[in-house]
Amino acid sequence: PPSSRVSLTVNGTRRTVTVDNRTSLLDLLREHLGLTGSKKGCNAGACGACTVLVDGRRVNACLTLAVRLEGTEVTTIEGLAEGDQLHPLQQAFIEQDAFQCGYCTPGQILSGVGCIQEGHTGSPEEIREWMSGNICRCGCYVKIVRAVEQTAG
Ligand code: FES
């Protein structure tokens, strides 16, 4: 199958990889770069477990073709902490106990960071709406919204 070379920045590090043109960003991260923090739930754009930021905007990595990301900056859960200092939203998830199994958490946190950066945090209802692409089967929504609210200030 046709393949292409793509250069992009992942969590601050420039990476150049050759991938089958059909490769999703999620498979690029997990299979080619060994970054398994982004989760594959549905692989069809329905659950949000794969949410990452591309140039600061939220995307479902399972629906994004890797070869279209030439020159972009991708942020995953592995890139949020600064050294051993957790990102404030990661810290808030711990303080609010905003997970049970944790499978959706990386996607929830990246989506929450996007939500805060986009300014969609005026009320719990607004947060719920703008986080509605991220499913939590343990039902931690109330605490997830609290963690986003706490971080947005
Ligand atoms: Fe991408 Fe479910 S794995 S939305």
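**Helix 3 and its surroundings**

Select helix 3 to begin: its buried residues (a residue is buried if 20 or more other C-beta atoms, placed from the backbone, lie within 10 Å of its own) pack, with contact meaning C-beta atoms within 7 Å, against strand 3 (51-54), strand 4 (57-60), helix 2 (88-96), helix 4 (124-130) and helix 5 (141-152). Helices (H or I, at least four residues) and strands (E, at least two) are DSSP runs, numbered from the N terminus. This is a predicted model, in which local features need pLDDT of at least 70 and side-chain atom pairs count only at pLDDT 80 or more, while totals for chains, interfaces and linings use all residues. Residues are numbered from 1 along each chain as its sequence is written.

Because 11 of the 14 residues of helix 3 are buried, this helix is largely enclosed by the rest of the structure; among them are Ile109, Leu110, Val113 and Cys115.

**Strand 1 and its partners**

Next, select strand 1 with strand 2 (residues 13-20): the two run antiparallel and are joined by 8 bridges, where pairing requires that DSSP finds at least two bridges between the strands. Ser7 has Thr16 in strand 2 as its bridge partner. The two strands form a hairpin with 2 residues between them, and Asn11 in the turn has a positive phi of about 50°.

**A last stop at Leu25**

Finally, centre on Leu25, which touches Ala61, Thr64, Ala66 and Leu69, not counting residues up to four places away in sequence.

Technical notes:
A residue is buried if 20 or more other C-beta atoms lie within 10 Å of its own, exposed if 12 or fewer, and partly exposed in between; C-beta atoms are placed from the backbone. Two residues are in contact if their C-beta atoms, placed from the backbone, lie within 7 Å.
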